[in-house]
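Welcome! Take a look at it first, and then we will go through it by topic.

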Amino acid sequence: MNKRTHIFGRRTSMGLVVATYIISACYVVPTTGTDGTVQYSHYPLPPAGTPLPVPAGATPATLTVRLYPSNEQATHTGVVSGSVTNMMTGKGRFVVNYLGEVLSGEATRVSNEEKRGVASAYSSGGMYMSCEYQMNTPHQGAGTCSFANGAKYQMHIGN
């Protein structure tokens with residue numbers, strides 16, 4: 001191979017690298033013009049390492065739930081722990097482990113009351129519970145819960 005071919009081959013390789021870099025740094029985005037025709041325009045990508053924008057809606061938050069006994073029936077179990085995933089839409093998913101059974105259900109804000117809500121959960125073994133709560137912030141609140149066996153608890157949501 002002669003020197004000229006080697007240099008030419010190197011330039012071609014460098015040109016391909018540069019062309020690949022330039023092409024990978026943008027999208028061609030089709031849009032519809034006012035007359036209905038499809039138009040293609042370049043949409044540059046942000047530089048590598050640029051943080052992605054946060055979605056417009058709030059992201060779900062999983063919060064701890066602690067139930068403290070408030071009557072004689074509840075003292076036999078002590079503190080009960082669980083979690084609620086606040087979907088930030090007025091709805092949530094509620095899970096608690098009670099007497100060896102996993103109760104799962106939902107939490108919902110009461111209409112016209114942004115901070116008040118109710119939660120219900122059920123297990124496949126037939127145990128169920130219902131709660132009323134009020135949120136101080138999207139990440140903290142308190143309420144009361146009653147179980148099918150008569151146990152009553154004070155509920156604390158969040159850390």
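How do the residues of the lining of the largest pocket divide into nonpolar, polar and charged? They divide into eleven nonpolar, five polar and four charged. This is a predicted model, where local features need pLDDT of at least 70, side-chain atom pairs count only at pLDDT 80 or more, and totals for chains, interfaces and linings use all residues. Residues are numbered from 1 along each chain as its sequence is written, and side-chain values use heavy atoms, with hydrogens and water left out.

**The largest pocket**

- The largest pocket holds about 300 Å³ of space.
- A pocket here is an open set of points on a 1 Å grid over the protein atoms alone, where a 1.4 Å probe fits, with protein on both sides within 12 Å along at least five of seven lines; lining residues have an atom within 4 Å of a point.
- Among its 20 lining residues, Asn 86, Arg 109, Tyr 133, Met 135 and Pro 138 are the closest to the centre.
- Strand 8 gives the most to this lining, with four residues; strands are DSSP runs (E, at least two residues), numbered from the N terminus.

**The disulfide**

- There is one disulfide, meaning a pair of cysteine sulfur atoms within 2.5 Å.
- Cys 131 and Cys 145 form this link, with 2.1 Å from S to S.
- Cys 131 lies in strand 8 and Cys 145 in strand 9, so the pair ties together parts that are 14 residues apart in sequence.
- Cys 131 is buried at 3% relative accessibility, and Cys 145 is buried at 1%; buried means under 20% relative accessible area (1.4 Å probe, protein chains only).

Technical notes:
Buried means under 20% relative accessible area, exposed over 50%, partly exposed in between (1.4 Å probe, protein chains only). Grid points are joined across faces, edges and corners, and a volume is the space filled by probe spheres set on the points. Ala, Val, Leu, Ile, Met, Phe, Trp, Tyr, Cys and Pro count as nonpolar, Asp, Glu, Lys and Arg as charged, and the others, Gly among them, as polar.
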